[in-house]
Amino acid sequence: MADRSGLKLVGFIFASVTLAVMLVTGVVVTSYANGAYSLEGPQTADLAVSIR
């Protein structure tokens, strides 16, 4: 059986990871909504211009 201090440590680690994932997800979703990211690749005309 685990002791309370070990369970508190494991709970703190899980809570920290959960909070970090939630913050990163919020930043990515907000940035995507503002147009900073795009899921579509470059258009063929843009690609041809960048190669030249």
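A polar contact is taken here as a pair of N or O atoms within 3.5 Å, where one must be able to donate a hydrogen and the other to accept it. In the predicted model, such a contact involves T30, whose side chain reaches the backbone oxygen of G26 at 2.7 Å. T30 lies in helix α1 and has a relative accessible area of 43%, so T30 is classed as partly exposed. An α-helix has 3.6 residues a turn, so residues three or four places apart point the same way.

The protein chain contains 2 helices and 0 strands. Helix α1 spans residues 4–34. Its 31 residues extend 45 Å from the first C-alpha to the last, close to the 45 Å expected at 1.5 Å a residue. After α1 comes G35, which has a positive phi near 95°.

A nonpolar patch on the surface is formed by L9, F12, I13, V17 and V21, which together have about 500 Å² of accessible area. Of these residues, I13 is located in α1.

For the protein chain as a whole, the accessible surface amounts to about 5,000 Å². Carbon and sulfur atoms account for 69% of this surface. Of the 52 residues in the protein chain, 2% are buried, that is, have under 20% relative accessible area.

How values were computed
Residues are numbered from 1 along each chain as its sequence is written. This is a predicted model: local features need pLDDT of at least 70, side-chain atom pairs count only at pLDDT 80 or more; totals for chains, interfaces and linings use all residues. Side-chain values use heavy atoms; hydrogens and water are left out. Patches are made of residues with over 30% relative accessible area and no salt bridge: like charges are joined within 9 Å, nonpolar side chains (Val, Leu, Ile, Met, Phe, Trp, Tyr) within 5 Å. Accessible areas come from the Shrake-Rupley method with a 1.4 Å probe; for residues, only the protein chains shown count as cover. A salt bridge is a side-chain nitrogen of Lys or Arg within 4 Å of a carboxyl oxygen of Asp or Glu. Helices (H or I, at least four residues) and strands (E, at least two) are DSSP runs, numbered from the N terminus. The expected span of a helix is 1.5 Å times one less than its number of residues. Buried means under 20% relative accessible area, exposed over 50%, partly exposed in between (1.4 Å probe, protein chains only).
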